[in-house]
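Please look over the sequence and the structure below before reading on. The report that follows takes up a few features in turn.

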Amino acid sequence: MGTEIKALTEKLRLTLDPDQLTNCMRCGFCQTACPTFQETGLEAASPRGRIALMKAVYDGTMEPDAAFRSQMDLCLGCRACEPACPSDVKYGQLIEQARESIAAVTAERWPVRTVKRLFMERLFPHHGRMRLLGSSLKLYQTSGLRKLARGLGVMKLFPAHMREMEAVLPQAAGDGVIRRWEKLGLPARWEQAEDGQSLLVIPAEGERLGRVGMFRGCIMDVLFTETNVNTIKLLRLAGYEVVVPASQTCCGALHAHAGERESARRLARTNIAAFRAARVDAVVSNAGGCGATLKEADHLLRGDSEEAEARRFASQVRDVSELLAEGRPLPLKPLGQGAGQVTVTYQDSCHLRNVMRVASAPRQLIRNVPGATLQELPDADRCCGSAGIYNLTQPEMSASVLDHKMEQVERTRAHVILTANPGCLLQMKWGVHRHGKDKKMQAMHLVDFLAESAGER
C-alpha cells in the first residue's frame, strides 16, 4: 500500500460516519433517482455503489485507489437519492466526508491547487474582489474585447464546452445589489446592527408582515445582480421589510462540495454572525444551492461551539418562493394577450427540492401568472448536470445529462424554461444554445419571470 493510499485510508476511517454507512440497506431505490447511474448503468456510479465502496475502505477490504476517487468525483452531489431512500441515509454528508478526506490527503497538481485557492479563498469570500471581477468581466463583454477575442480565434484555445458556456454568460456587473439599489434611488436606509456592522434596510410596501434578511451570494451578486434587485422588489410587494447585511459572505457550497469543509465552516460562522446581529425573522435565498448550504449550517458546525446557534440559523433559512407564496398576493399582470399565451416549464433545482424540500411553492407562483400555462417537465426532479462547477470538471457527463434534459424540455414545447438557482440557469441557457433553440425559447430565473409579470423589470 502506497503512502498516499495509506494516509487516505486512515483519513476516511476517521471522517466517514459509520452509522450512515451501515444504514444503507442496499435496496436500490436510489438507483432510479441517480443521474450518473442512469447514464452509465454501472453499480459503482450509483449512491448504493459509492456507499459500498466507502464501507469497503472503512472496513479495510479495499484500498481507496484511483478508481475509488474517480467515482467520488463523478457524483453530481444532486442528492436526489435522499428523498428516494426508505432508510433516510444522509448520502450528501457521506459524499462530502469522502471528498474532504480526498482533498486533505491527495496532492493536487500545482495549477489546479493554485486556481482553486485563487477562487475559493481569494475571490468568493470577498465581496469587494468579486465586484472587481464583475467589473472586469463586464468590460470584456461590452468594450469589444469579447468580439476581438473571438475574431482572433483566442476562444479556440479553450475546450468546446467552455466556449459554449462563455457564449451564454449573462452580462456581469461591478456594483452588486446594495450599490445597484442605491443607484436606482429606491426606498432604503442604513442601520447599524448590534455588532456595529452596516445594514441596508428596505421598507415593505404597505403593512409589514415580517423582517427578512437577504442572502445576496457571491457569483449571484455579480452575474445576476438584476435578479437580486428583483428579489427585493417582489419581497417588498409581498409585505416584507428586507435587510441586507453588508458583512455577509459566500455560502461555502462550492467549498463543501470540493472537500474544503474547514473553509465552509469558517464562512458559515461569518454568515451566522451577520444575520444574528441583523435581528431578522427569516434568512431568504434565491439560489437553491446557496440556500441548501445555509440550511445545513448545523451539520457543517456539528461539534462546534456554534452548533446551537447554527441550528437556530438553519431553521430560519427559507427560499424566496416560500416567502412569496406565503406573503401578500403579488399584483401580477398578463404576460400575453390572453390566457395561455406563454407556455412555461420548470426545472427543479436539485438542492432546493432534495435538501430544502421546496417543490410546490415555485409551481404555485407560476400558476398565479395570468397568461402563462405551466407545462410540467418530465423528470423535472432529475439533475440538469450543472452541480456547481461539475460542468467544468466533468464536462462529458454534464453534457450527457444536459442533452437528455433538453430532450424532455423540447417535449413540453415551452417558450420559457424557469429554474431557481444560478448554476441551473446557466446550464439551461447552455442547453438552449447547444441545441440551437435560442430563437424559440429562453431560460429565466423564476424571480425575473415573476418580476416581469409584476411590472418590476
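## A loop residue and a nonpolar patch

Ile389 is placed in the loop that runs between strand 8 (372-374) and helix 23 (390-393). In this model, which is predicted, Ile389 has a relative accessible area of 39% and is therefore partly exposed. Ile389 also belongs to a nonpolar surface patch of about 940 Å², whose other members include Leu139, Leu145, Phe158, Met162 and Leu392.

## The sheet and its helices

An open sheet is formed by 6 strands, which follow one another in the order 1-2-4-3-5-6 with mixed pairing. Its edges are strand 1 (189-192) and strand 6 (317-319), each of which pairs on one side only, and from one strand to the next the twist averages 35°.

Helix 12 (residues 176-183) lies across strand 1, strand 2 (198-202) and strand 4 (240-245), and runs at about 50° to strand 2. Helix 16 (residues 261-278) also packs on the sheet, where it touches strand 2, strand 3 (210-214), strand 4 and strand 5, while its direction makes about 135° with that of strand 4.

The structure holds 37 salt bridges, and one of them joins Arg434 to Glu164, with the closest N and O atoms 3.5 Å apart. Because Arg434 lies in helix 25 (residues 422-434) and Glu164 in helix 11 (residues 160-168), this pair ties together parts that are 270 residues apart in sequence. Both partners are partly exposed, Arg434 with a relative accessible area of 35% and Glu164 with one of 23%.

A further salt bridge brings together the side chains of Arg269 and Asp304, at 2.7 Å from N to O. Arg269 is in helix 16 and Asp304 is in the loop between helix 18 (297-300) and helix 19 (307-316), so that the pair links parts of the chain 35 residues apart; Arg269 is partly exposed, at 26% relative accessible area.

## A buried arginine and a network

Is Arg363 buried or exposed? Its relative accessibility is 9%, and since buried means under 20%, Arg363 counts as buried. The side chain of Arg363 meets that of Glu376 in a salt bridge of 2.9 Å, N to O, and Glu376, at 34% relative accessibility, counts as partly exposed. Elsewhere, salt bridges that share partners join Glu96, Glu100, Arg261, Glu262 and Arg265 into one network.

Methods. Residues are numbered from 1 along each chain as its sequence is written. This is a predicted model: local features need pLDDT of at least 70, side-chain atom pairs count only at pLDDT 80 or more; totals for chains, interfaces and linings use all residues. Side-chain values use heavy atoms; hydrogens and water are left out. Two strands pair if DSSP finds at least two bridges between them. Helices (H or I, at least four residues) and strands (E, at least two) are DSSP runs, numbered from the N terminus. Axes are lines fitted to C-alpha atoms, for helices over the stretch in contact, and angles run from 0 to 180 degrees between N-to-C directions. Contact means heavy atoms within 4.5 Å. Patches are made of residues with over 30% relative accessible area and no salt bridge: like charges are joined within 9 Å, nonpolar side chains (Val, Leu, Ile, Met, Phe, Trp, Tyr) within 5 Å. Accessible areas come from the Shrake-Rupley method with a 1.4 Å probe; for residues, only the protein chains shown count as cover. A salt bridge is a side-chain nitrogen of Lys or Arg within 4 Å of a carboxyl oxygen of Asp or Glu. Buried means under 20% relative accessible area, exposed over 50%, partly exposed in between (1.4 Å probe, protein chains only).
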